[in-house]
Amino acid sequence: MFEVRTRWGKLLLQVVATVFVLPFLFPLIVMVQGSFAGAGWGNYSAVLGVPGFFRFFLNSAIIAIGVIVLVYVVTMLASYGFAKLHIRAREVYFWMLLVCLTLPEVVLLTPLFATTQQLGLYNTYLSVILPLAALQVPFAVLLTRNFINGLPDEMFEAARVDGANSFRGFLYLVIPLTRPIAAAVLIFTLIGAWNDYLMPLVFLQSQDLQTITLVPQFFVGEFSNDQTKVLASAVLTAIPEIVAYLCLQGLFERGLSAGAIK
Amino acid sequence: MTESVLHPQRTSRQAASGGRSPRGDARRHRRLQAPGLPWILPALVLGIGLIYYCIGYTGFISLLDWDGLSPEPEWVGVHNYIAIFQDPVFWKAASHTVLFFIVTFGLQTFLGLVFAVMMHSKIRLGVLYKIIVFVPVVLAPAIMAPVFRQMFAANGQFNWLLDHIGLGFLAQPWIGQESTALPVIMVITIWQWTGLTFVLYFAAMSQIDQSMIEAARIDGAGNVRTLISIIWPSVRGTTVALAILSAIGALKTFDVPWLVTIAGPNNATQFLGTYIYQTTIQLAHAGYGAALSIILLVVALVMAIIFQTAGRERTREKKGAR
């Protein structure tokens, strides 16, 4: 975008870029450096030695996968229905769904707390998966419906003439063609579910159900506020997220921008 | 309902026999569209069912004086709402939210735009820089909170850094005092979300017609002029989308102020989300918390409607321009 011809200009641009980027690196350096303070690698072995440490990762993975599967299935069905099928008062339903987009999760706390206790769902994975999925669905449907709207009607009509019912149209047209937007939904849902703090905090009481976002709090208790070990646990929990991002980098960026640009 | 659930089989059979039996339901045949209600039903049950049920329930609780557990809550009508409007903490939280949105959105937009332009300008190590700026987006705020608590503490690394670049006189207990706690929360949020702003702008800029930029250059426009007159208007759609995301994000703010400063000191980093959590869970004023939730919801809705109408006008303008 910027055209810089002189050598000094190029150097200046490089310096400015570096100066802007460094503050973003700083907290990560603080995290890694702090985790080695005092006992060095000993902090890590202490954290890894805590029984049930990997359980946090497993729980986060179970919840994230549950939310993703639920959101994906529900979103694909609904977006196809909204975009290509006949629904009376379709926009009314759509708007009712969009209203949920603005909903802060803290609003759900009291009713969900009372209801999950009555239904015996309190302190189960479902008490976190269901509300998280419900909160992710509106945005996912908004993105996916817009995307499917952009697919030509003639294609679906052609499929119909060739004898495909709406279910086969869904299976053989919608599912394969929506892959780019499905990536966006996947990424948004993954980040949302994996990083969520409030729902697990309130609804998961037993420690063997708790997720990685509750790890720092757990270690503050475990090591009576020994910051170096808390930071070591933060590094260990951050690593899978960074690795996942580096491996799926293309998918992340394509997915996010597919959502923003139509 | 039953009728519409039964419909798809009928229509699909019709469709299956497609062109051969033109005597089917003519209207539907012309549309060539099967009824879609069963398709959207799961989303409605999950989204609307669960969420609207909770909203209704919250609305009911907001009329009670209830600790969240006792079997006999007391009916107090709109008393909770009246109390909220006279509650200085509520107004404090509301003003923090507005200020927070303005500052974080403004700075994120600026930084995101600058990064996107610089990364499009063939600089070295661009890939590495991109990764560094984006990584915070995928890290959970809950996990980074202890890091920031440590970093901004009186004897933390931020003051150490200030000391070493000759700004030692600025050192202070950043999260321990009222005047700087809120800016710290804003800085953390900007650190976290600029990566997203940047990636979206970066993608939007790849769509700009290069010949337009070249034409501007031939007409003598410099870098800054091109940025203001060509690039900025071209990415307006992204800016509006980001404004909506930021505004909703500001209303939902909970993790960072709760985990870094516990909404303090003296409510200096109190947000609506943290205040609802505090009143409902810690102080066991479920009724009051529910009334706060309903107010938060109404604000969010009004805001969404404003943005939506603004967005519609934008698309109309766009269509007109074409």
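Between which helices of chain A does the loop holding A89(A) lie? A89(A) is placed in the loop between α3 (53-84) and α4 (90-99) of chain A. Helices here (H or I, at least four residues) and strands (E, at least two) are DSSP runs, numbered from the N terminus.

This is a predicted model, in which local features need pLDDT of at least 70 and side-chain atom pairs count only at pLDDT 80 or more, while totals for chains, interfaces and linings use all residues. Residues are numbered from 1 along each chain as its sequence is written, chains are lettered from A and ligands numbered from 1 in the order in which they are written, and side-chain values use heavy atoms, with hydrogens and water left out.

## Chain A

Chain A contains 13 helices and zero strands. Its radius of gyration is 23 Å, well over the 18 Å that the globule rule gives for 262 residues, so chain A is more spread out than a compact globule. The radius is taken over C-alpha atoms, and the rule is 2.2 Å times the number of residues to the power 0.38. Along the principal axes, the C-alpha trace of chain A spans about 70 × 70 × 30 Å.

Chain A carries 14 positive and 13 negative side chains, and the centres of the two sets lie 8 Å apart. In this count Lys and Arg are positive and Asp and Glu negative, with His and the chain ends not counted. Each charge is placed at NZ of Lys, CZ of Arg, CG of Asp or CD of Glu.

Helix α5 of chain A (residues 109-119) has the buried residues L109(A), T110(A), P111(A), L112(A), A114(A), T115(A) and T116(A). Buried means under 20% relative accessible area, exposed over 50%, and partly exposed in between (1.4 Å probe, protein chains only). Just after this helix, G120(A) takes a positive phi of about 75°.

## The two chains compared

Chain B has 15 helices and two strands. Contact means heavy atoms within 4.5 Å, and accessible areas come from the Shrake-Rupley method with a 1.4 Å probe, where for residues only the protein chains shown count as cover.

| Property | Chain A | Chain B |
|---|---|---|
| Residues counted as buried | 54% of 262 residues in chain A | 53% of 322 residues in chain B |
| Contacts at least 6 apart in sequence that join residues at least 24 apart | 80% in chain A | 66% in chain B |
| Accessible surface | about 11100 Å² for chain A | about 15400 Å² for chain B |
| Part of the surface from carbon and sulfur atoms | 67% in chain A | 64% in chain B |

## The contact between the chains

The size of an interface is often given as the accessible area lost when the parts come together. Between chain B and chain A, the buried area is about 9000 Å², of which carbon and sulfur atoms give 78%. This area is what the two parts lose on being put together (1.4 Å probe), summed over both. W39(B), L46(B) and I143(B) supply 9% of the area that chain B buries against chain A, more than any other three residues. The contact takes 101 residues from chain B and 88 residues from chain A.

## Selected residues of chain B

T104(B) belongs to helix α5 (residues 88-119) of chain B and is buried, with a relative accessible area of 3%. Leaving aside neighbours within four places in sequence, T104(B) touches M186(B), T189(B) and I190(B).

Q192(B) lies in helix α9 (residues 178-206) and is buried at 6% relative accessibility. With neighbours within four places in sequence again set aside, the contacts of Q192(B) are P136(B), V137(B), L139(B) and P141(B).

L242(B) is part of helix α12 (residues 236-252) and is buried at 5% relative accessibility. L242(B) and L196(B) are 46 residues apart in sequence, with their C-alpha atoms 9.1 Å apart in space.

P265(B) sits in the loop between α13 (255-261) and α14 (272-282) of chain B and is partly exposed, at 23% relative accessible area. The C-alpha atoms of P265(B) and L182(B), 83 residues apart along the chain, are separated by 9.7 Å.

## Positive phi angles

Most residues other than glycine have a negative phi. A89(A), which is not a glycine, has a positive phi near 55° and is partly exposed, with a relative accessible area of 44%. N267(B) has a positive phi of about 65° although it is not a glycine. N267(B) is in the loop between α13 and α14 of chain B and counts as partly exposed at 22% relative accessibility.
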